Amino acid sequence: MVFAIEEINRDLVLLPNITLGYRLYDNCFNVAVAYRAATALISGAGDTFTDYSCTGTPPVLGIVGDPGSTNAVAISRMLGIFHVPSVSYYATCSCLSNRRDFPSFFRTIPSDVFQVKAMIQIIKHYGWTWVGAIASDNDYGQYAIKSFIEEFNKFGCIAFSETLPSVNAKARVLQIVNTIKKSTARVIVVFLVEEQIILFIQEIRRQNIRGKQWIASECWTTVNGLLNEETYSSFGGTIGIAIRRGEIQGLKEFLLQVHPVTDANNNLVSQFWEDMFSCKFPEKMNNNSSSDPVRSRICTGSEDIKSTQTAYSDVSDLRTSYNVYKAVYALAHSLHYLMSCESGKGPFENNSCADITRVQPWQLLHYLKRVNFTTQYGDRVFFDENGDTPAIYDVMNWQRDNDSSVKIETIGLFDESAPAGQELTLHEDKIFWNFDSNTPPRSVCSESCLPGTRKAARKGEPLCCFDCIPCAVGEISNYTDFWSNPRRDQCVLKDIEFLSYEEPLGISLTTISLFGACVSAAVLAVFIYYRNTPVVKANNSELSFLLLLSLILCFLCSLLFIGQPLHLTCMLRHVVFGISFVLCISCILVKTIVVIMAFKATLPDNNVMKWFGAAQQRGTVFVFTVIQAVICIIWLSTASPVPFKNTEYQNSKIIFECNVGSITGFSCLLGYIGLLASVCFLMAFLARNLPDNFNEAKFITFSMLIFCAVWIAFIPAYVSSPGKYSDAVEIFAILASSFGLLIAIFVPKCYIILLHPEKNTKKSLMGRTAPN
């Protein structure tokens, strides 16, 4: 921090003619001390105030720190009240991104939200679904592990989750280590702060626990002194997330300028010097020191610090220090923006600018939100709406160097701003795994089920823990139109089933349909040829011709039920069926009425036939048929039948059928046919005993009895028939009823016409037999 401030003060472009000052406080890893230090900074404790200083610039405009998340939470609430900006370089708790609670907090280290994302990406990359987690009991650890568990549970299961408290840590460490030993999880994520991880590593090493893959948070990934020969056996191969490394030119030379001075208020440098050179300054010598041969040496202050090689002067791996450097420059740039404000174009009341001699922290806070600059080393610095900096992490690996010494190697990068799916970059050839064959470990509660088996959850255990049992039929895939093969280890296309012309059933029904149509056509030809004979004339030749034509249509309409359903055939099959059968039944009904009226007309003084002549008969048939046509038109215009792939009736097959669309329309169509058939049967039944040698009413009664019986039996058979057999049942009903009408009504007539022409006379037809 001091180096950065002195560098800025020497800069002729950034803050010209402005000299920055500073005050340094140690938080001593204590919230109360940190809070007291922050209060002292903003209140100017120890300063002598004048009237001018009370109305001028406050003692401190901005604060760099606190590094600890718990401390930062405490002091940032207070600083937010006074609108004093603070820029932390190491507080990562995601809670600090809450702008309502921490309106003046910023940081140059990414939030734990992004650290968790980086860890999740690594874990997903290696397919680890069974993971343990350990965290500190402070804000840093608890918010981090909560976020981690939420993200990890989306694809994996937490084997155990443990918290290490700040007090009674030794006993709790023993419990956690026992949990680790019992757990089958081979991957363990650790969110511990430096002072806790040291204790934890010591216990793991003491119990010689090996075979675990550790995932380290940025708090301890690169801490000096943790990785050594003693810890390597247990922690070698650790993968960790680290703050992005930076370079600061001139920092090493600056650090080596340190020199002890006699200052009662600041003896920190003297203590450092004594530890560095294992000596004591004369004024600190006492009797106890003389008994320590190392500490008995007297510090002269002229020792050569440049000849030492320690962590103090090592600037090869600047991470936290680089964040401090960026934090200082962020405050400096915000002050520079404030100073560069043009009069009348300012952001404050009446477009005013801040007075640099009387600047207030809240004014600096306004500009800090808009900071956007690039350091001289090429790193861009800015803050988002939550005060967070862009998330870029190095991915580190604990491994041995070529000389067998232990080192921390950079093996990858996580850049949150990269395109989706490309945030994580790993150099697999650089990674060391502390396992046999130097390969990534597997960490799953249960191994994947083999082909032909499926998961079965274990009661009381996480979803990742399961047994493998043989698949039920069709449970290999949930893809539409697919099914499992007999071995149940791969998906195959489902069979599509419909009544086709190529299969034996379809061929048989087609043959019978065509045969029935041909027989009807042959009967029609016979009737036309013998149209002038008494048998044909007596049976109303015009109605007989129309009836035979309708029967031909009835036979042929069954062909629409065979073949792959199309939109056109689905609409036509029931329409043609319905109209053909209504036309047929209408003709039979009119013939029945004619028979009854013809008998009534033979009675004295009865001219009823003149009211029901040929025109009326044709009109009656037309009206009955038009009613059915109207029903069909309404049905087709509201909810017409459409082809439908039924995947629910049979799992292993797709039933390709015609969906009737409207059950009401289909019911009206069948109901109307049934109504006409019932009326026709009733009238024919009542006229069955009319005294006539050739009583057609008897044949009509018998034909309608067959018709009604067939269609009554059709309903339960149709409902219970699966797949294509439902169409076959409907075709059978059509053919059976059509053959019943054809045989019952026309076979007796053809028998007389063709085999007994001597009976085809008016005398034979008009003969009477005495009733019994």
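This is a short chat about the predicted model of one protein chain.

Visitor: What share of the residues counts as buried?
Guide: Of 772 residues, 46% are counted as buried. The chain exposes about 38600 Å². Carbon and sulfur atoms supply 57% of that area.

Visitor: And contacts along the sequence? What percentage joins residues at least 24 apart?
Guide: The figure is 65%, taken among contacts between residues at least 6 apart in sequence.

Visitor: Now the sheet with β1. What is the strand order?
Guide: The order is β1-β2-β3, in an open sheet with parallel pairing. β1 covers 63–64 and β3 covers 105–107. Both stand at the edges with a single partner strand each, so one side of each has no neighbour in the sheet.

Visitor: How many bridges join β1 to β2?
Guide: Two bridges do, and β2 spans residues 86–88. Ser 86 in β2 is the bridge partner of Ile 63.

Visitor: What is the peptide bond from Gly 65 to Asp 66, cis or trans?
Guide: That bond is cis, with omega near -5 degrees. Asp 66 sits in the loop between β1 and α4 (69–81). For background, most peptide bonds are trans.

Visitor: Switching to helices. How do α19 and α20 cross?
Guide: Helix α19 is residues 614–639 and helix α20 is residues 663–686. Their axes come within 9 Å and cross at roughly 170 degrees. The two helices are therefore roughly antiparallel.

Visitor: Which residues meet there?
Guide: From α19, they include Phe 624, Ile 627, Ile 631 and Trp 635. From α20, Phe 666, Leu 669, Tyr 672 and Leu 676 are among them.

Visitor: How many are nonpolar, polar or charged?
Guide: The contact of α19 with α20 has 11 nonpolar residues, two polar ones and no charged ones.

Visitor: Back to the backbone. What is phi of Asn 17?
Guide: Phi of Asn 17 is near 65 degrees, a positive value in a residue other than glycine. Asn 17 lies in the loop between α1 (2–10) and α2 (31–43).

Visitor: Is Asn 17 buried or exposed?
Guide: Asn 17 counts as exposed, because its relative accessibility is 82% and the cut-off is over 50%.

Visitor: What about Ser 278? What is its phi?
Guide: Phi of Ser 278 is about 50 degrees, positive although Ser 278 is not a glycine. Ser 278 is in the loop between α11 (268–277) and α12 (287–290). Ser 278 is partly exposed, at 29% relative accessible area.

Conventions:
Residues are numbered from 1 along each chain as its sequence is written. This is a predicted model: local features need pLDDT of at least 70, side-chain atom pairs count only at pLDDT 80 or more; totals for chains, interfaces and linings use all residues. Side-chain values use heavy atoms; hydrogens and water are left out. Buried means under 20% relative accessible area, exposed over 50%, partly exposed in between (1.4 Å probe, protein chains only). Contact means heavy atoms within 4.5 Å. Accessible areas come from the Shrake-Rupley method with a 1.4 Å probe; for residues, only the protein chains shown count as cover. Two strands pair if DSSP finds at least two bridges between them. Helices (H or I, at least four residues) and strands (E, at least two) are DSSP runs, numbered from the N terminus. Axes are lines fitted to C-alpha atoms, for helices over the stretch in contact, and angles run from 0 to 180 degrees between N-to-C directions. Angles under 35 degrees count as roughly parallel, over 145 as roughly antiparallel, 65 to 115 as roughly perpendicular and the rest as oblique. Ala, Val, Leu, Ile, Met, Phe, Trp, Tyr, Cys and Pro count as nonpolar, Asp, Glu, Lys and Arg as charged, and the others, Gly among them, as polar.
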